[in-house]
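Hi,

Here is the structure I said I would pass on. Have a look first, and my notes follow below.

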Amino acid sequence: MLTVEQNEELTQIGPGTPMGELLRRYWYPIAFEQDFDSVPSKSVRLLSEDWTLYKTPSGKYGIIAEKCAHRSASLTYGVVHEDGIRCGYHGWKWDFDGTCVEQPAESGLGLGGLGGQRLVREVQHHGERQPADQRAHTCPPPVILAGVD
């Protein structure tokens, strides 16, 4: 029989927990290609964290922490651009590396003033890897987009 402490250690999968750190080393299928036929982005929950998964007009996939670092608006309702996603609330634009590249109507505030968004290391689409940020301490596990042929 497990003690309460052992049970907590084995069942908690959030960031910074022993099992969470272990499980973030593996690949997870989280979406189907047809999920993006009608909308360019969707919310996904992965290992106790909320993410926005999106597809650009050219077919490149990206994933980023769901809440915008500026006002915590959901990036799932943002505007997808060829080079990233723009928050629908104040228009801040985040690139594939999780860096804020545009801050409309913000005078005197340097780009990236809030630091980077958390994002995945890479997204695999039918075996083709698309590299992104390599900061392992801020990244969730890699993900796989599954296609139905």
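(Strands are DSSP runs of E with at least two residues, numbered from the N terminus.) β6 covers residues 84-86 and pairs with β5 in the antiparallel sense, over three bridges; two strands count as paired if DSSP finds at least two bridges between them.

Before going on, a word on the source: this is a predicted model, where local features need pLDDT of at least 70, side-chain atom pairs count only at pLDDT 80 or more, and totals for chains, interfaces and linings use all residues. Residues are numbered from 1 along each chain as its sequence is written, and side-chain values use heavy atoms, leaving out hydrogens and water.

Back to the strands: β5 and β6 belong to an open, antiparallel sheet of four, in the order β5-β6-β7-β8. Its edges are β5 (79-81) and β8 (100-102), each pairing on one side only.

Then there's E66, in the loop between β4 (61-65) and β5. E66 is buried but has no salt bridge, and the nearest oppositely charged side chain, K67, is 5.2 Å away. Here buried means under 20% relative accessible area (1.4 Å probe, protein chains only), a salt bridge is a side-chain nitrogen of Lys or Arg within 4 Å of a carboxyl oxygen of Asp or Glu, and charge means Lys and Arg as positive, Asp and Glu as negative, with His and the chain ends not counted.

Cheers

Technical notes. Buried means under 20% relative accessible area, exposed over 50%, partly exposed in between (1.4 Å probe, protein chains only).
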